[in-house]
Amino acid sequence: MDVPPRIRRTVGSLAGGAWALGICLAAPSAAPAQDETVVNGQTRIVSATETRDDFVIDPGGTAAIAGTGFLTVEDLLAQGLTTVADGGRLDAATFNLINTGQLQSAGDVNVVGDAIVGGAGSGLNATGGTFDASSLYLNAAAVSAVGADAVVTVTSLTRLNAAALTVAGAVRAGADVEFLTASAGVVQDGGTLTSGGRIRLAGGSTLTIDAGGRAVTGGALELGGGGLLVNGVAEVGAGLDYANATVTVGDGGLLSSSGAVEGAGGAIDLQSGGTFRLNGTWTTDRFELTQGARLTGNATLNTANGVLVEGTLAPGTSPGTMTVNGPFATGSTAVLDIELNPVAASVVPQPGVDFDQIAVNGDAVIDGGTLRASQFASGSLVRGTRYDFLVADRLTVLDPLTLQNQTSLRLISVYDATTYSLIVGRDGPYAGLGVGFNQRAVGGALDAAVTNPALAGLLDALDTLPSDAATAASLNALSGEIYGTHLTALNRSSLQFLDAVGGRDVGFPLVCGTCGVTRPGQSGLQGWIESYGAGGHVDGDGNAAPADLGTAGVAVGLSRIFGGPGGCVEVGAFYGYESMTVRVPEVDSTVTDEIHRVGGSVRASAGRTYARLSGFAGASAGEALRSFQVDSPLFPLSDRTRGEFDGTLAAGDAEAGLLHGSSSAYLMPVAGLRYVRVDRDAFAESGGVSALAVEESSLDELRARVGLRAGRRLALWSNLPANGTFEAFYSRDLTAGTVGDFRANLVADPTAAFTARGTDFDADRFVLGPGLTLGDGPVRLSGQYRAGFGDAAVLHAGDVRLEVCF
């Protein structure tokens, strides 16, 4: 049986009917595929595997490939409706939907060659499955859609010419995708449009990427006078050309581009909430980053008329560099988003590698905005590391950036004529650094005032010192500890003054016999003048630093001696002037006082018994000079303060002894009590940020004393009586008055208040004093040296006294 070369089967002999015919011909060789035409009003159902050569669907005709159907054709020409059910398949060498031709596919369509959709009413509607073609052409008012469950894959060119394409699923083009002659593309939520080459718009065409949609191109995006609206994501692989076109990035939209971006006569409208991520160059006349918009990436901006930032500028891609060739400025709503990476100590961080940087080859003007700093890489930022996040040929700061610190450490912002920088500072409470009373007290005061901008310079300096130990040492210097040491030094000066004026008791005679008064009814008048000085050192006590003391003074007195039936009484008065200096070299502090004392005494002797009661009141006028220096390599701080203050002093001295021996040699044990007190008025230092306001302060000390005085006549000159003298005393403070406390606050912030104290002068005090007295008549000249010492203090004193009877 001969087999005809081609069998053509026509569907439509039954009007309005639908039928399928299968012919099986047995032949010695395979028969060629048949042509087939589906005519108007007819429906052709393919439910099994079939092969056709030419497959034509006339207007009004329908070809339906069922879920079990598989139709293979050489050429498909459809002006009617073609449907492919889920599970069904259509393979074609060529594919043409023209005029009113429609494809509705939930199955799989594979076109070996070109797939062409064109003409009013034509369209490709893929609701599911796959559609694969070598090339895809949508022409002449064709309206096509790719559903959420569909995937369209085109190995080469995809072109729209006066057509429309809506993508809710995936369109994957291996080469260029072109929108020509007023074509329109929409990538809907969940949809993706991917091009291995360019995406090109021309002739007023538009591409819209809805929120949740995505368009990706491996090549350039060329708009050619069209329009791009991005509310989803547009990723451009190799440059963006928006000449005579408008690119709009809406709220939530992301436009990402690598390569060159340029567009003469065009515009990029980056709206609030939109992001432009650029890793390439952008050449534009001027760019204004609007409030709420975001520009990020490793970009180079070439601009003749500048970049104005009112939105968020985030250089790099964690981290990176953004270069601006031209003027640069920020406004009040600007946000500079800077990321930092830790580096090792003493390592200089590299821009673009260890931190984000904005590099301006031109003038930069900062007129407000926010500096938002965060840490990107893991690890710990190192104290003192400097990150120059903005560099310019010339930097002008009209209104500094407000720092928004999102790291775990304190960051300090600083700028100069060319550079705006972030510096890592020490973080954590200052009180925790202290190992001594003063350090903890001052640290706690700074913790309470850490947000005060008036203290920013001080805190910046403290926080960029190389170690916690260096910061703690600066807290000592800030405490003004000398004002505590000064209180104790004044009381110690009063004790030395009592030693000096009481030195008249060491020489023989004591009272009776002075000025020849030995019997009842006799009296005598004696005057004396004494010059004295003292100096010494007090060790530090682990809290306050060591101190050096020095005094020099003169005292004069006048007394009347009265003889009585059982002994003699002397009543006298005295005045003393003294200059005292206290130095604490470790904290570069000095206090100098001028002291005036006025007092009186009553001495009495009866037989071998001796007693004395004396006291004084005084006034002091002091001046303090303090230097405060923080040797921070980044924020060095040097400050000098000066304070002036007045004070009052008081003292009382009572002692009694019993004389053993005679004028040629004697020994007298003595016991007594001494009380000294100082009150210092409140005052405020002048100076810089370290100036203190010191409250009224006082310190008193009650000491019990035991000791002895001794003397012996010396044969030095035959016609000049001489006596060698010696005294030794031990005293102990009974009131814990050897450490001076005071209350103060920083002048710059009254809430930064603290209590500090000076060094401890020791509760126990030993005094040893050899001396020499010349003459025993109406004129007597005496000199004495005294060494006062304890565990921490050694004080040396000396005096020369002239006594004259009238």
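A salt bridge here is a side-chain nitrogen of Lys or Arg within 4 Å of a carboxyl oxygen of Asp or Glu. You're looking at a predicted model, where local features need pLDDT of at least 70, side-chain atom pairs count only at pLDDT 80 or more, and totals for chains, interfaces and linings use all residues. Residues are numbered from 1 along each chain as its sequence is written, and side-chain values use heavy atoms, with hydrogens and water left out.

**View A. Glu-178 and Arg-200 meet in a salt bridge.**
Their side chains come to 3.3 Å, N to O. Glu-178 belongs to strand E16 (residues 177–180) and Arg-200 to strand E19 (residues 199–201), so this pair ties together parts that are 22 residues apart in sequence. Helices (H or I, at least four residues) and strands (E, at least two) are DSSP runs, numbered from the N terminus.

**View B. Arg-52 pairs up with Glu-36.**
This is another salt bridge, at 2.6 Å from N to O. It links distant parts of the chain: Arg-52 sits in strand E4 (residues 49–57) and Glu-36 in strand E2 (residues 34–38), 16 residues apart. Arg-52 counts as buried at 9% relative accessibility, and Glu-36 counts as buried at 0%.

**View C. Arg-709 forms a salt bridge with Glu-727.**
The closest N and O atoms are 3.3 Å apart. Arg-709 lies in strand E54 (residues 697–717) and Glu-727 in strand E55 (residues 720–733), so parts that are 18 residues apart in sequence get tied together. Arg-709 is buried, with a relative accessible area of 2%, and Glu-727 is buried too, at 4%. If you wonder how many salt bridges the structure holds, the count is 47.

**View D. Helices H1 and H3 cross.**
Two packed helices are described by the angle between their axes and the distance between the axes. For H1 (residues 437–448) and H3, the axes come within 8 Å and cross at roughly 90°. Axes are lines fitted to C-alpha atoms, for helices over the stretch in contact, and angles run from 0 to 180 degrees between N-to-C directions. That makes H1 and H3 roughly perpendicular to each other (angles of 65 to 115 degrees; under 35 is roughly parallel, over 145 roughly antiparallel, the rest oblique). On the H1 side, the contact is made by Asn-438, Gln-439, Val-442, Gly-443 and Leu-446; H3 brings Ala-472, Ala-473, Leu-475, Asn-476 and Leu-478. Contact means heavy atoms within 4.5 Å.

**View E. Asn-476 sits in helix H3.**
Zoom in on this residue of H3 (residues 468–478). Asn-476 is buried, with a relative accessible area of 12%. Which residues does Asn-476 contact, leaving aside its neighbours within four places in sequence? They are Asn-438, Gln-439, Glu-481, Asn-543 and Val-587.

**View F. Helix H2 is largely enclosed by the rest of the structure.**
H2 (residues 456–463) gets that description because 6 of its 8 residues are buried. The buried ones are Leu-458, Leu-459, Asp-460, Ala-461, Leu-462 and Asp-463.

Note on methods:
Buried means under 20% relative accessible area, exposed over 50%, partly exposed in between (1.4 Å probe, protein chains only).
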